[in-house]
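Hi everyone, thanks for coming. Let me bring the model up on the screen, and then we'll walk through it together.

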Amino acid sequence: MPEVSTALDRPTPLPRRGLERLDLMLLCAEALDLNGGEAMVWMSEQLGYQSLFPNRVELWKRRCHNPLRRATRRGQLQVEDTDALIRILAAMAERLYPMLRQLLSAAEPESVSEQRWALFRGRLQELIEERLNLRRVGVRKLLDPLEGPQLCHQLILSLALSAGTGGVERLKASLLDPEP
Amino acid sequence: MIKLSHRYEQISCRLTVEGFPDVSTGQGPQAIGILTGWSLALAGHTELEGKRDHLEALLKVVAPYARHLISGAPRVFGDPDSPVAIHPDGPRHRLELRSSQPNTPPLTLHLDDAELADLVRCLDQLVLDARLQLNLQTPRPQPLRRSELRKRVPLGRRLAAPVCGMAALGLAGAFSWMVPTPKPGSFSPDQAKGTSSLVAPGKTAAPGKSTAPDKPVSPGKPVVPGQIGATGQATNRAGEEPAPGAQTQTNQGADTRPGPSQAPR
């Protein structure tokens, strides 16, 4: 498929699902880090995105293009904005990698691992209830006691594999996946 | 010339590469252009060693596997002939390493998600290290195809919609066969009377709409134009005097019923 093979070479805007996943992963980073919102702004400055996101409101406005948000914004997000958000997420995942690894490790004692997952899921649930539209099926799946833990595990694994500079292209390629 | 060694470490993984700078291409003293060997130590597993071909095979398998895993669609990477293969194995990942020496069984390593993430990060560091000038052939991450993503939805859920659709279509078809179709044929004069009395005097029926009752016509006497006209005359005789338009419409409604019993005009 030639259009797929060159998808990363040309500036391609993220599809709807990609925007949803990107914002959900940023939300996961916030759930892992109590000061995640501030860390995101600081990371944006460190990566040199002051012109794109001069303040936290601008960052929040870009994230509100997620269709699952309670207060969603219409319109297409620019490629520069999504690229910047992807780089910020990869940098945050690298910073949080020890925590991600602890959650994913099978070598950890079962009870400790369960406590960590319960803490993470509790924080993520609070953030979801605060910011996302609870009537959407995708959001309800995240809060579902059966499907939710599996989706949370997938989000944490995706964060771990997209950590650092090497993870940026991998994450971007996955966010450009077509609708199944 | 001193042998150079670069090390890439994560919590459960340590990758070491050794080699020399390729002076013939003008590489600096800290660059590795000629790889003499590499070793991979995974915590709790046997240390692996290999040459450049094995490192390339490891990269070709692990990088796309991680790419698929990040999209939630893991699949097997590595041919049966290739020195390295990786399979999803429940919650773990099975890394198989086949020796080039004959009669040597393949080495199998079971990695959890954290160990795999460590390995992927080590390989990322190696690929991005500017000191390594090996021109390793690594596949660039690409968006997956729709068919590859379809596999992450369970087969039962994928088949549910088309199976339900086919079942609904079949049921609707069966019910439609059970409904009796009106027999082509006759129209009784009694029904013709009924239709003419449905139309109020002085009002015209909507054009094209038949005022005939919907119940199936019982086989009876064939209708001929003369009889219909006689019915209209009988109505006139009763003193109701329907409007000429209404009378015509009623007759038209009666005539619209197709059937072999209608007299040819």
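Before we start, one definition: I'll say that two residues touch, or are in contact, if their C-beta atoms, placed from the backbone, lie within 7 Å. And please keep in mind that this is a predicted model.

With that in hand, take Ala93(A). Leaving aside residues up to four places away in sequence, Ala93(A) touches Ala29(A), Leu100(A), Leu159(A), Ala160(A), Ser162(A), Ala163(A) and Gly167(A). Ala93(A) is also among the residues with the most contacts inside the largest nonpolar core, together with Cys28(A), Leu89(A) and Ala160(A). That core has 84 residues, and its largest share, ten residues, comes from helix α2 of chain A, residues 16-32. In general, nonpolar side chains tend to be buried together in soluble globular proteins.

Now chain A as a whole. How many helices and strands does chain A have? Ten helices and zero strands. Of its 180 residues, 40% count as buried. A compact globule with 180 residues would have a radius of gyration near 16 Å, and chain A agrees, because its value is 16 Å. Among contacts in chain A between residues at least 6 apart in sequence, 74% join residues at least 24 apart.

Over to chain B, where four strands form an open antiparallel sheet in the order β1-β2-β3-β4. Its edge strands are β1 (4-9) and β4 (48-50), each pairing on one side only. Six bridges join β1(B) to β2(B), residues 13-20, and in β2(B) the bridge partner of Tyr8(B) is Leu15(B). Finally, helix α2 of chain B, residues 113-128, lies across β1, β2 and β3 of that chain, at about 25° to β2(B).

Notes:
Residues numbered from 1 in each chain as written. Chains lettered and ligands numbered in written order. Predicted model: local features only at pLDDT ≥ 70, side-chain atom pairs only at ≥ 80, totals over all residues. Pairing = 2+ DSSP bridges. Helix = DSSP H or I, 4+ residues; strand = E, 2+ residues; numbered from the N terminus. Axes fitted to C-alpha atoms, helices over the stretch in contact; angles between N-to-C directions. Core = buried A, V, L, I, M, F, W, Y, C linked by C-beta atoms within 7 Å. Buried ≥ 20, exposed ≤ 12 C-beta atoms within 10 Å, placed from the backbone. Rg over C-alpha atoms; globule rule 2.2 N^0.38 Å.
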